[in-house]
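Here is a two-chain model to look over.

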Amino acid sequence: MATSTSTSAPGTGADIGAATGARSRAAARRISVIGVTSFVVMLVVATAILVPIGYSILGGFKTNGQLVANPVHVIPDPWVFDNYREVLVGSFAPTFWREFLNSLIVAVVAVGLTVLFASLAAFVFARFAFRGREALFTLFVFGLLFPSAVAILPLFILVKQVGLSGNLLGVALPQAAFALPLSIVILRPFFRAIPAELEDAARIDGCSSFGFFWRVLLPLARPALATVSVLAVVGTWNAFLLPLVVLNGADQWTLPLGVMNFSTQYSSDHAKVLAFTVVSLIPAIAFYAVAERQLVGGLTSGAVKG
Amino acid sequence: MTALSRARTGNRRSKTLAIALFLAPALALYVVFVLFPIAQAAHFSLYKWNGLTPLTEFIGLKNYQVALGSGGFVNAFGNNLLIVVLSLAIQIPFSLALAVMLNRRFPGRWVFRLLFFLPYVLSEAVTGIVFRLLLQPGAFVDSALTSVGLGSLVQDWLGDPAIVMLTLFVIVSWKYFGFHMILMLAGLQGIPKELEEAALIDGADRRGAFRYVTLPLLGPTIRVSVFLSVIGALQLFDMVWVTTNGGPLNASTTMAIAMFKAGFKSQAMGYGSALAVLLFLVSLVVALAYQRFVLRRDTDGALTTFGG
């Protein structure tokens with residue numbers, strides 16, 4: 001409104017002001033109707049998100065008897081703590097913590113490799129001019145089009161041939177390889193945006209290429225590195241197919257495999273399955289709570305800007 | 001002069017060395033674990049092979065013939081396609097609607113945003129297990145429906161071949177709508193408010209302003225969202241594997257499930273590889289066609305500045 005009155009003659013400005021004023025009052029009424037409707041819709045969706053999660057959490061506090069007798073009665077009566085106790089510190093604790101540790105090892109190795117290798121490559125793609133650069137970059141972009149599923153059968157053969165079958169490294173290495181394309185695509189524009197003057201200054205001060213990369217570029221690109229790491233953590237932590245194929249013993253399983261196995265092994269004991277599942281979700285949810293900003297920022301900057 | 005040119009050659013040589021050294025680790029990892037296996041799948045697909053014995057029984061394109069004929073690839077592809085169509089018809093518009101709702105300022109907005117996006121960080125496998133428990137006959141969903149008087153709606157959600165794909169679609173949407181919503185919300189927030197206000201001042205109603213101003217400007221984001229949704233739907237595996245195993249009667253077998261079963265359950269590595277190649281080709285054709293015909297306008301500017 002301010003712009004329309006200031007740019008037009010005073011008389012017409014007032015007219016327009018009055019007309020839109022009346023309209024905006026009518027519009028305001030409609031908006032509040034829309035507002036209420038959309039709020040209700042959002043409440044319904046929020047409920048749909050919360051019910052499965054809440055059901056699982058509360059179900060873990062029940063006995064199987066309670067679960068079967070009245071599934072809709074969501075509040076445990078009485079509250080039973082045995083299921084969670086068994087998973088966290090009791091008879092299932094060794095299983096759970098081992099699987100948690102395996103997931104952690106795979107995630108740390110895979111994400112570490114991804115971030116290091118991807119930033120080195122993105123550095124080259126961003127700040128060196130050479131023939132074939134775009135072709136090589138396109139080769140990496142190409143990897144965005146398909147997931148590890150396409151390559152899973154030969155990967156299985158390959159991992160077996162190089163002796164990494166049944167080894168967490170056999171999961172971490174391919175996982176890192178498949179996380180490279182997205183990471184490079186996100187890091188490249190970040191590295192490119194860092195002013196050339198900084199590079200010149202670093203060189204005059206006697207910095208080598210690697211010195212500039214390590215001491216200047218990486219510290220400046222910390223937000224982008226955080227984004228890439230967070231995306232790689234989520235991808236690796238939740239990976240299912242690759243560990244399913246590569247790992248072949250219960251002592252090597254990562255959490256998603258462990259949860260699936262637990263749910264089939266104790267398929268008649270729903271309460272325990274729920275407790276185990278809920279506990280296995282805690283790391284992901286905790287991670288989300290800490291890194292939500294980087295995660296959302298990374299996804300949107302990657303996708304919205306092309 | 002000669003000293004200078006010598007310094008330049010030295011510079012060039014050290015530059016080449018730097019490029020090679022920096023690029024080598026990523027390239028090696030990528031070639032060994034991504035490109036090489038895909039090429040190998042193409043190779044294996046021409047053999048009848050159980051994955052253990054030496055690779056000797058060359059059978060040409062027979063595996064593809066079987067896959068496209070009686071082998072069930074068409075059925076699996078149809079199942080993927082159903083998810084694609086439903087995602088585009090329901091999930092994407094739904095996500096857009098929620099993004100529009102969340103684009104207004106109101107108290108508690110951040111709670112909704114945080115909550116809607118939460119399922120995205122949970123693993124597909126674990127999400128599938130939770131829903132399998134909820135949807136078992138007589139379990140929570142059935143009792144909830146019965147208790148509110150909708151007992152007639154109760155189905156064998158994951159056991160009835162006629163509806164199992166629809167059930168899976170709902171679970172997939174539960175996990176992924178928040179992701180698309182976040183993308184579109186970011187897109188909406190990138191559109192200057194002044195544009196819609198200008199349209200309103202010029203006499204457009206809210207619907208018109210949305211339809212003719214906001215929506216076209218959101219086009220690039222929607223197209224990226226659609227692309228990611230289609231590629232994701234074509235590659236569906238984890239969720240299906242833990243909930244139905246592709247059953248009942250292959251009613252929920254996706255391309256990736258068919259491939260996995262062929263390779264690891266039937267020990268038909270050659271045939272499974274043929275399915276992998278077909279999955280690869282479908283993804284590739286979709287991606288290239290989409291890039292060529294739909295995304296082109298968006299990436300024209302973006303990718304050239306990208307490439308410098």
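What follows sets computed values against their definitions.

This is a predicted model, where local features need pLDDT of at least 70, side-chain atom pairs count only at pLDDT 80 or more, and totals for chains, interfaces and linings use all residues. Residues are numbered from 1 along each chain as its sequence is written, while chains are lettered from A and ligands numbered from 1 in the order in which they are written.

Q: Why are α13(A) and α5(B) called roughly parallel?
A: The axes of helix α13 (residues 255–265) of chain A and helix α5 (residues 124–135) of chain B cross at roughly 25 degrees and come within 8 Å. Axes are lines fitted to C-alpha atoms, for helices over the stretch in contact, and angles run from 0 to 180 degrees between N-to-C directions. Angles under 35 degrees count as roughly parallel, over 145 as roughly antiparallel, 65 to 115 as roughly perpendicular and the rest as oblique. The two helices are therefore roughly parallel.

Q: Which residues of α13(A) and α5(B) meet?
A: A:Pro256, A:Val259, A:Met260 and A:Ser263 meet B:Ala125, B:Val126 and B:Ile129. Contact requires C-beta atoms, placed from the backbone, within 7 Å. Ala, Val, Leu, Ile, Met, Phe, Trp, Tyr, Cys and Pro count as nonpolar, Asp, Glu, Lys and Arg as charged, and the others, Gly among them, as polar.

Q: What makes A:Met42 buried or exposed?
A: A residue is buried if 20 or more other C-beta atoms lie within 10 Å of its own, exposed if 12 or fewer, and partly exposed in between. A:Met42 has 21 within 10 Å, so A:Met42 is buried. Its place is in helix α2 of chain A. Leaving aside neighbours within four places in sequence, A:Met42 is in contact with B:Met101 and B:Phe112.

Q: How many residues does each chain give to the contact?
A: Chain A gives 69 residues and chain B gives 73. On the side of chain A, α14(A) gives the most, with 15 residues. That side has 53 nonpolar, 13 polar and three charged residues.

Q: How does the radius of gyration of chain B compare with that of a compact globule?
A: Chain B has 25 Å, whereas a compact globule of 308 residues would have a radius near 19 Å. The radius is taken over C-alpha atoms, and the globule rule is 2.2 Å times the number of residues to the power 0.38. The C-alpha atoms of chain B fill a box of roughly 90 × 65 × 30 Å, taken along the principal axes.

Terms used: Helix = DSSP H or I, 4+ residues; strand = E, 2+ residues; numbered from the N terminus. Contact = placed C-beta atoms within 7 Å.
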